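Subject: Structure handover

Hello,

Here is the structure for your files. My notes on what was found in it follow below.

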Amino acid sequence: MTDEFNTFLEYATSVKNAIKNVTHDDNMAKDEKVQVLYGTTSMAFAKYKEKILNGEKNGPLITFYLSGCEIDKSAQMGGYKLLNRYFDKETYDLRAPVIVNLKYTVTINCIRESQADLLQSQLMLAMPFNRPYWSTLNGQFVTMVAEEPSNLSSVDVGNEKDKINRRQLIITIERAYIEYPINIKEAKFIEQIGVWLNSEEIK
């Protein structure tokens, strides 16, 4: 972990890249594209809705935000709480990271109902519970599962051009690592990283 805490932002970037990689509509015009924004729906959707009301063409918008962070006690790394390691002429104080379950609420906003269904189904098919979508972050695997799909569209009477069709689902990262800062300290007992002792040396 650096001086600037950006762990959640890094995981959000992984989710954003995953959404962009699996969502597409071949029927869209060349100047249209699926926009993916990190932020609450009300914040990210305001400018998008204004364009639609003014009659401008705009591609679908997918917004997402961190809506849950849970700690599973059974998933923690209980093998060690504090380790001293010697590397590059310095002694480091290492603590086991806290493993958390992150939930991102994803909202799909489209003009056409069929397009909203398409994009939602693409996320569900790319991130099923039995075969999670995966990427890597800082040398660790990041697995994502799409859950709890729902339809937020309204059947209220109104101008068809002003109506927005919305879908929602949850993308879950089961194992996200929140790491403690690595401190340099003096220690009486140290173990050099990458060095293994054989039985003769131990004697």
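**The sheet**

Six strands make up an open sheet of mixed pairing, in the order S1-S2-S5-S8-S7-S6. Helices (H or I, at least four residues) and strands (E, at least two) are DSSP runs, numbered from the N terminus, and two strands pair if DSSP finds at least two bridges between them. Strand S1 (35–38) and strand S6 (133–137) are the edges; each has a single partner strand, so one side of each is left without a neighbour in the sheet. From one strand to the next, the twist averages 30°. Axes here are lines fitted to C-alpha atoms, for helices over the stretch in contact, and angles run from 0 to 180 degrees between N-to-C directions.

This is a predicted model, in which local features need pLDDT of at least 70 and side-chain atom pairs count only at pLDDT 80 or more, while totals for chains, interfaces and linings use all residues. Residues are numbered from 1 along each chain as its sequence is written, and side-chain values use heavy atoms, with hydrogens and water left out.

Now the pairings within the sheet:

- Strand S2 (residues 61–71) pairs with strand S5 (residues 98–110) in the antiparallel sense, over 10 bridges. The bridge partner of Ile-71 in S5 is Val-100.
- S5 also pairs with S8 in the antiparallel sense, over 12 bridges. Lys-103 stands opposite Thr-172 in S8.
- S7 and S8 run antiparallel and are joined by six bridges. Here Glu-147 stands opposite Ile-170 in S8.

**Helices against the sheet**

Helix H1 (residues 7–22) lies across S1, S2, S5, S6, strand S7 (140–151) and strand S8 (165–178), and runs at about 135° to S8. Helix H3 (residues 113–126) lies across S2, S5, S6, S7 and S8, at about 20° to S8.

**The nonpolar core**

The largest nonpolar core has 33 residues, and those with the most contacts inside it are Tyr-11, Ile-19, Met-127, Met-144 and Ile-173. Such a core is a set of buried Ala, Val, Leu, Ile, Met, Phe, Trp, Tyr and Cys residues joined through side-chain atoms within 4.5 Å. Two or more residues each come from H1, S2, S5, H3, S6, S7 and S8. S5 gives the most, with seven residues. In soluble globular proteins, nonpolar side chains tend to be buried together.

Ile-173 lies in strand S8 and is buried, with a relative accessible area of 0%. Buried means under 20% relative accessible area, exposed over 50%, and partly exposed in between (1.4 Å probe, protein chains only). Not counting residues up to four places away in sequence, Ile-173 touches Tyr-11, Val-15, Val-100, Asn-101, Leu-102, Tyr-104, Val-142, Thr-143 and Met-144; contact means heavy atoms within 4.5 Å. Ile-173 and Val-100 are 73 residues apart in sequence, and their C-alpha atoms are 8.4 Å apart in space.

Leaving aside neighbours within four places in sequence, the contacts of Met-144 include Ser-14, Val-15, Ala-18, Met-127, Pro-132 and Ile-173.

**Buried polar residues**

Arg-167 is found in strand S8 and is buried, at 2% relative accessible area. A polar contact of 2.7 Å joins its side chain to that of Asp-117. A polar contact is a pair of N or O atoms within 3.5 Å; within protein, one must be able to donate a hydrogen and the other to accept it, and residues adjacent in sequence count only if both atoms are side-chain atoms. Asn-109 lies in strand S5 and is buried, with a relative accessible area of 0%.

**Positive phi**

Asn-138, in the loop between S6 and S7, has a phi near 55°, a positive value in a residue other than glycine. At 64% relative accessibility, Asn-138 counts as exposed. Glu-148 is in strand S7 and has a positive phi of about 55°, although it is not a glycine. Glu-148 counts as exposed, at 55% relative accessibility.

**Confidence**

The chain averages a pLDDT (the predictor's confidence in each residue, from 0 to 100) of 76, and 65% of the residues score at least 70. Among the elements of the chain, H3 has the highest mean pLDDT (92) and helix H4 (residues 199–202) the lowest (42). Over residues 192–203 pLDDT stays under 50, and the model has six contacts beyond four places in sequence for them. Where pLDDT is low, the predicted coordinates should not be read in detail.

Regards
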